[in-house]
Amino acid sequence: MQSDEPSRRGADPWLGHYAQRAAGMVPSEVRALFAVASHPEIVSLAGGMPNVSALPMDAVARLMADLVMERGPVALQYGSAEGNPSLRETICTVMAQEGIDAHPDDVVVTVGSQQALDLVARVFLDPGDTVVTEGPTYVTALGTFAAYQARAVHVAMDERGVLPEALGEAFTRLARDGRPAKLFYTVPTFQNPTGVTLAAERRLRVLEVCRRAGVLVLEDNPYGLLYLEGEPMRALRADAPADVVYLGSFSKTLAPGLRVGWALAPSAVRDKLVLAAESAMLSHSAFAQLAVDRYLRTQPWQEQLKVFREMYRERRDAMLGALQKHMPAGVSWTQPDGGFFVWVALPEGLDSKAMLPRAVQARVAYVPGTGFYADGEGRRAMRLSYCYPPPERILEGVHTLADVIGTELELWETFGTTAHPHSPS
Ligand code: PMP
């Protein structure tokens, strides 16, 4: 059989036909990495895939079979764009864990929180609009804003999250320049990519700064219930229902393959999101929604969350321990209290993107920091994820990575460059 691969990948005859916004649709660094990092001999500290194998598969299988047997005509039928009413009620009980008091009518169910992000962008952003985000921030949110031709402006964070003063200054500067911020996009809890959490005492200040500047807060919170220490954080939305659009997801607390997430928004905004959702997908999968609802109503999901937390805690501890043990002096990293990620800062002279081919050759992969900035920052940083590989692979991967960094450092200190004679630059 002949492959049709060469003709599939030939010149694009439609190149001149794309809408301008398609120019902003380029593959993310994470996506480009997936193909390489999925080779079994490479320890991938790159992807952010939840470890779904810890789910009770037999119980999930049974509830899905029961769902079809008992409610097939509803589960296999179209639904409404706002989402199943029973699931929207259940979602409100989930959000109550983070201090949110919400009405099911203010919830719209989406295809993962990624679609919620897209709908918010569609409803709020015109070409040229400005979104303020943490620096660094979630790579695919940057992709979404770029797809709507919006500009992302970063505000610095430290180990306790975004700096409220810097945020206020950015809003003032942007307004003065005639490009006021429309949204503040934030992942305040166990952030992707840094693992950093906005400290409790900063939260009200951040809300106040946004309120004073008239900027809508877009709180993206897929990791909030994966806290590895203490109690869940109080969501920003809990203290500012009128000023925050909150995005949630079952991707990390249940399974990303079901693609069920949601947005909770002030009523008028929520109505717009429902209309946008209708034009995007008519209705979400009724089957997936009812499966999630049934899971939450019939299974011990809080206990399952404890299983996930224990698993991720063990992996996080393996990563932090290995970093401590093996990394050369001058390398620093964050200390996540939850979620999936550690952010590593490299010493002067090193470039995480240039180093990646050498790391992959040594059989470890990570995501270079530049992917998480819209402005080319992040060369001396990288994201490591501990969610997927088992602890012994994490130890191996971090050890290998530390050796690669050590070699780069020696080159830099000896020659003032890390360029290798035989590697691509
Ligand atoms: N927001 C953040 C911060 C994420 O890390 C992710 C997944 N990586 C998403 C949104 C999208 O998740 P999903 O669409 O699976 O809910």
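Which residue in β9 does Ser-249 stand opposite?

Solution. Look across to β9: Ser-249 stands opposite Gly-261 there. Strands here are DSSP E runs of at least two residues and helices H or I runs of at least four, numbered from the N terminus.

Before going on, note that this is a predicted model, where local features need pLDDT of at least 70 and side-chain atom pairs count only at pLDDT 80 or more, while totals for chains, interfaces and linings use all residues. Residues are numbered from 1 along each chain as its sequence is written, and side-chain values use heavy atoms, with hydrogens and water left out.

**Exercise 1.** Place the strand of Ser-249 in its sheet.

Solution. Step one: strand β8 (residues 244-249) is joined to strand β9 (residues 260-264) by 4 bridges, and the two run antiparallel. Two strands pair if DSSP finds at least two bridges between them.

Step two: follow the whole open sheet, whose 8 strands come in the order β2-β9-β8-β7-β6-β3-β4-β5, with mixed pairing. At its edges you'll find β2 (107-111) and β5 (161-162), each pairing on one side only.

**Exercise 2.** Describe the ligand's surroundings.

Solution. Start with the 13 residues around the ligand: Asp-220, Tyr-223, Ser-249, Ser-251 and Lys-252 come nearest. To count as near, a residue needs a heavy atom within 4 Å. Helix α5 (residues 112-124) gives the most to this shell, with 3 residues.

Next, pick out polar contacts (pairs of N or O atoms within 3.5 Å). The side chain of Ser-249 has an N or O atom 2.6 Å from a ligand oxygen. For Tyr-223, a side-chain N or O atom also lies 2.6 Å from an oxygen of the ligand. A polar side-chain atom of Asn-192 sits 2.8 Å from a ligand oxygen.

**Exercise 3.** Find the edges of the 4-strand sheet.

Solution. Write down the order first: β10-β11-β14-β13, an open sheet with antiparallel pairing. Now look at the ends: β10 (332-333) and β13 (367-368) each have a single partner strand, so one side of each is left without a neighbour in the sheet.

Terms used: A polar contact is a pair of N or O atoms within 3.5 Å; within protein, one must be able to donate a hydrogen and the other to accept it, and residues adjacent in sequence count only if both atoms are side-chain atoms.
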